[in-house]
Structures are given as structure tokens and as C-alpha cells.
Amino acid sequence: MNTTIDPTTGAASQHAPLIVTAEMPPDILGWADALRRQHFPPERNQLRAHVTLFHALPPSSEEEMRRLLSALAAAPPPEACLTGIMKLGGGTAIAIDSPAMLSLHEAIVERMHGMLTRQDSQRPRLHITIQNKVTGEAARALQAELAPDFRPRAFRFHGLGLYAYESGPWRPIRTFAFRG
């Protein structure tokens, strides 16, 4: 897909759906990304480890999302906890508990009402995918391998990320660091 950038605003093409992520601190990101590189099928792994809040916001909402994410990032960094291994059917993830991040998700849903896909309208099960697009047998084997050594880890999210999906690696638009 050809993308054009408006030189005055830095806005993306009006054709790429927008993705919003909860940005992890470097230690959690590094740990999760190492697991992802180790267990995600390499031919499919085009992204670093991430926590997706919204999968396909309308491209026309980019300026509004920039304003909204900036306003939400004025809050203190939301507390979170890695709680366990999550089954994804043909994959494996690390489950995350974060009522504060879910509240931010709800605020975005309320603001974007009528513009969201069904998936993005629903409350997410926060997680970091470390394996996907594998057989159920391979997923269960990894879950059995990881579960005995897993220990919950508390952390705080660092920010909210805005990306454009352009049929492959995501193009970063901006990260909004929590400032509260």
C-alpha cells in the first residue's frame, strides 16, 4: 500500500486503519519480545511484542485519536500485572490484569462510539501474544513448558501507542507517554 504523509501534520494516509496499543516498560517489553522471537513462527513475526487495545480504528479519526490519547496520557501510568499463561487456541499469550487500562479503553470506546468495529467495541482480554498461527498441539506444548516457571509480575504501562496498519509491520505514528 502506498502511504502519503501530510508534511504539515505528519498524519498518515487516509487508507490505513489505526491501531492503539498499551506501551510496556522496557524490562517487560524485552522479556516478552524475547519469548515472541523464540516461539512465534519467524515467517509471520513482523512485530515486536505488544498489547493491542484497538485493532482497526478508522483512518479518518487520526487527529481526534491524537488529541484523545494525549489527554488520556495526562494520567498516572496505569498499574498492571502479568498474571499467567493464556490459551489462544492456535497460540499462547501472557495474560495481563489492569483495571486502570481497561478504564482507559472504555473512555476511548465512549468517545469513538459508532466508529468502532465489533471487536474494538468489546472489552479486551489484555495480553501479549508470544505464539500464534501454530497447531493446537504446539500451543499446548508451549503452555505446558512455560506454566510451571511463570511468576506474576507487577508493572506500570508507560504510554499509549498509535500506529497505522499497512499490510505488514505497523508504522508508528506517535507514542503518548503517561505524565501524571
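Predicted model: local features only at pLDDT ≥ 70, side-chain atom pairs only at ≥ 80, totals over all residues.

Colleague: What covers the buried residues of α1?

Modeller: The cover includes β3 (79-87), β5 (127-131), α5 (136-146) and β6 (153-156).

Colleague: How does the span of α1 compare with what it should be?

Modeller: It agrees: α1 takes in residues 26-39, and at 1.5 Å a residue those 14 residues should span 20 Å, which is also the distance between the end C-alpha atoms.

Colleague: On to the histidines. Is His39 buried or exposed?

Modeller: His39 has 16% relative accessibility, so it counts as buried, the cut-off being under 20%. It belongs to helix α1.

Colleague: What does His39 touch, apart from residues up to four places away in sequence?

Modeller: Ile130, Gln131, Leu142 and Glu145.

Colleague: And His105, where is that one?

Modeller: His105 is in helix α3, which covers residues 99-111. His105 is at 2% relative accessibility, and therefore counts as buried.

Colleague: Which residues is His105 in contact with, leaving aside neighbours within four places in sequence?

Modeller: Leu53, Phe54, Asp120, Gln122, Arg123 and Pro124. With Leu53 there's a specific pairing: the His105 side chain reaches the backbone oxygen of Leu53 at 3.4 Å. As for Asp120, it is 15 residues from His105 in sequence, and their C-alpha atoms are 9.3 Å apart in space.

Colleague: Which other residues of α3 are buried?

Modeller: Besides His105, the buried residues of α3 are Met101, Leu102, Leu104, Ile108 and Val109. They're on the same side of α3, because the arc they cover around the axis is only 155°. The face turned away from that buried side carries Pro99 and Glu110, which are exposed.

Colleague: How about the span of α3?

Modeller: From first C-alpha to last, the 13 residues of α3 reach 19 Å, close to the 18 Å expected at 1.5 Å a residue.

Colleague: And what covers the buried residues of α3?

Modeller: Several elements, including β1 (18-23), β2 (51-57), α2 (62-72), α4 (118-121) and β7 (159-164). β2 is itself mostly covered, with five of its seven residues buried.

Colleague: How do β1 and β2 run, parallel or antiparallel?

Modeller: Antiparallel, and four bridges join them. Val20, for instance, is opposite Phe54 in β2.

Colleague: Changing topic: how many residues are in the largest nonpolar core?

Modeller: It has 44, and the ones with the most contacts inside it are Met65, Ile96, Met101, Ile128 and Phe157. The element that gives the most to this core is α3, with five residues.

Colleague: Take Ile128 from that list. What is Ile128 in contact with, beyond its neighbours within four places in sequence?

Modeller: Among its contacts are Ile28 and Ala32, which are both buried residues of α1. Others include Met24, Ala49, His50, Val51, Leu82 and Ile96.

Notes:
Residues numbered from 1 in each chain as written. Heavy atoms only, no water. Helix = DSSP H or I, 4+ residues; strand = E, 2+ residues; numbered from the N terminus. Buried < 20%, exposed > 50% of the residue type's maximum accessible area, 1.4 Å probe, protein only. Contact = heavy atoms within 4.5 Å. Polar contact = N/O pair within 3.5 Å; in protein donor to acceptor, adjacent residues only side chain to side chain. Core = buried A, V, L, I, M, F, W, Y, C linked by side-chain atoms within 4.5 Å. Expected span 1.5 Å × (residues − 1). Arc of directions from axis to C-beta. Pairing = 2+ DSSP bridges.
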